[in-house]
Amino acid sequence: MNLYIGNLSAETTEQDLRKVFAEFGEILVAKVIIDPQTGLSKGFGFVEFGDKFHSYEAMDALDMTH
């Protein structure tokens with residue numbers, strides 16, 4: 001299951017996403033979306049877990065956090 005992660009700071013990296021979400025289960029993909037023209041983060045990304053239940057746990061724990 002692929003989770004949309006919004007309101008990321010410009011400094012957030014894919015490794016940062018992995019670090020935050022790893023406690024909930026195996027991460028298949030962690031991606032911060034980069035603007036190809038500027039090379040800067042667009043402020044959002046995606047995390048994909050191998051197990052949908054890990055996705056649900058992450059959503060419950062981290063939804064609406066900063």
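A salt bridge is a side-chain nitrogen of Lys or Arg within 4 Å of a carboxyl oxygen of Asp or Glu. Keep that in mind as we walk through this structure, which is a predicted model.

A search of the whole structure turns up one salt bridge. Its partners are the side chains of Glu 14 and Lys 31, with 3.8 Å from N to O. Glu 14 belongs to helix α1 (residues 14–21) and Lys 31 to strand β2 (residues 27–34), so this pair ties together parts that are 17 residues apart in sequence.

Strands of a sheet pair through backbone hydrogen bonds, either parallel or antiparallel. Here three strands form an open sheet, in the order β1-β3-β2, and their pairing is antiparallel. β1 (2–5) and β2 stand at the edges with a single partner strand each, so one side of each has no neighbour in the sheet. From one strand to the next, the twist averages 15 degrees. Look next at how β2 meets strand β3 (residues 41–49): the two pair in the antiparallel sense over six bridges. Val 32 stands opposite Gly 45 in β3.

Where does the helix sit? α1 lies across β1, β2 and β3, and runs at about 140 degrees to β2.

That brings us to the nonpolar side chains. In soluble globular proteins, such side chains tend to be buried together. In this model, the largest nonpolar core has twelve residues, among them Leu 3, Leu 17, Phe 21, Val 32 and Phe 49. The elements giving two or more residues to this core are β1, α1, β2 and β3, and β2 gives the most, with three residues.

Finally, visit the loop between β1 and α1, where you will find Thr 12. Buried means under 20% relative accessible area, and Thr 12 is buried because its value is 18%. What does its side chain contact? The side chain of Thr 12 makes a polar contact with the side chain of Ser 9, at 3.0 Å. Thr 12 also touches Leu 17 and Val 32, again not counting residues up to four places away in sequence.

Note on methods:
Residues numbered from 1 in each chain as written. Predicted model: local features only at pLDDT ≥ 70, side-chain atom pairs only at ≥ 80, totals over all residues. Heavy atoms only, no water. Helix = DSSP H or I, 4+ residues; strand = E, 2+ residues; numbered from the N terminus. Pairing = 2+ DSSP bridges. Axes fitted to C-alpha atoms, helices over the stretch in contact; angles between N-to-C directions. Contact = heavy atoms within 4.5 Å. Core = buried A, V, L, I, M, F, W, Y, C linked by side-chain atoms within 4.5 Å. Buried < 20%, exposed > 50% of the residue type's maximum accessible area, 1.4 Å probe, protein only. Polar contact = N/O pair within 3.5 Å; in protein donor to acceptor, adjacent residues only side chain to side chain.
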